[in-house]
Amino acid sequence: TYDAFLDEYWLKAEPTWKASTRARNRYYRCHLDRAFRRRFLDEITPADVKRWFAQMTASVGPAAANRTFELLRSMFNKAEAWGILAECSNPCTGVKANKLKRHECVLSELELNRFGEVLAEIEEVDPMAVAALRLLALTGCRKSEICELAWSEVRGRRLLLHDAKTGPRTVWLGEAAHAVLARLPRHADLEHVFWRGDARLTISRLDQCYYRARARAGLAHVRLHDLRHSFASHAASMSETLPIISKLLGHTSVKMTARYAHL
């Protein structure tokens, strides 16, 4: 049955996912649990999947529906690979994911200057979060990479990230980024670079600080991830090549980098 195979798939697939992926997929799992209860796998047709996908899109939105659909498609692919279903029988084949509107925003030099001024104004209130935001803007790193950064990964003018989204990678630091780290006090008991109280700085706390800063800077339309887009775009405007920018961002695909750099 669908229910039994979902449990089997989860048991085998979950240990291979990164911690952040596991946390995200647990949310989508609740939607998969309700999808085709008590149905046999080989009875589920493309029409059934299309009907379910349309209902998902209406109830949780196009983006969440797409993520859940990706999991369902992967699950049926494994059913084929493990010999439970016949080859080329995946009912997700031919079902198109929702087209999402791309959010593209690059901060100008004036906007970055204003953002920097606001960070200086609120630094006394939340110094660690402000330092983390500065490092995000100066390196193009993902916020999870910065919040989880350990001092053992800081090697002079480099960050040797052990468990980035795409695997281990090196982040090269410019003088300004290196200066941000050089000014930071170390926690007596924590190995993490960024902390608050007796725990590492969380992404939610970083987000709160960012929302406060962007509101004061008049940048309410700018997402935190847009700092990463801006880093790539400014690198491109300085005539850095796409392969170099791709390495700086930790992308596995230059095609993705081209979209980030807005070329």
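Helices, taken as H or I runs of at least four residues, and strands, taken as E runs of at least two, are DSSP runs numbered from the N terminus. The structure described here is a predicted model.

Most residues other than glycine have a negative phi. Since exposed means over 50% relative accessible area, R38 counts as exposed because its relative accessibility is 70%. C88 also counts as exposed, because its value is 77%.

Strands of a sheet pair through backbone hydrogen bonds, either parallel or antiparallel. The model contains an open sheet of 3 strands in the order 1-2-3, and the pairing is antiparallel. Strand 1 (154–155) and strand 3 (167–172) each have a single partner strand and stand at the edges, so one side of each lacks a neighbour in the sheet. Strand 1 is joined to strand 2 (residues 158–164) by 2 bridges. V154 stands opposite L159, a residue of strand 2.

In soluble globular proteins, nonpolar side chains tend to be buried together. The largest nonpolar core in this model comprises 41 residues, and L149, L181 and F194 have the most contacts inside it. Two or more residues come from each of helix 5, helix 6, helix 7 (143–147), strand 2, helix 8 (175–182) and helix 9 (203–216). Helix 6 makes the greatest contribution to this core, with 8 residues. Beyond residues up to four places away in sequence, F194 touches M128, A131, A132, L135, I146, L149, L181, L184, R200 and L201. A second, separate core has 28 residues, among them Y2, L6, L32 and A35.

**V130 in helix 6**

V130 is located in helix 6 (residues 127–139). Its relative accessible area is 0%, and V130 is therefore buried. Leaving aside residues up to four places away in sequence, V130 touches L119, I122, E123 and C209. The C-alpha atoms of V130 and M238 are separated by 26 Å, and the two residues are 108 residues apart along the chain.

Key:
Residues are numbered from 1 along each chain as its sequence is written. This is a predicted model: local features need pLDDT of at least 70, side-chain atom pairs count only at pLDDT 80 or more; totals for chains, interfaces and linings use all residues. Side-chain values use heavy atoms; hydrogens and water are left out. Buried means under 20% relative accessible area, exposed over 50%, partly exposed in between (1.4 Å probe, protein chains only). Two strands pair if DSSP finds at least two bridges between them. Contact means heavy atoms within 4.5 Å. A nonpolar core is a set of buried Ala, Val, Leu, Ile, Met, Phe, Trp, Tyr and Cys residues joined through side-chain atoms within 4.5 Å.
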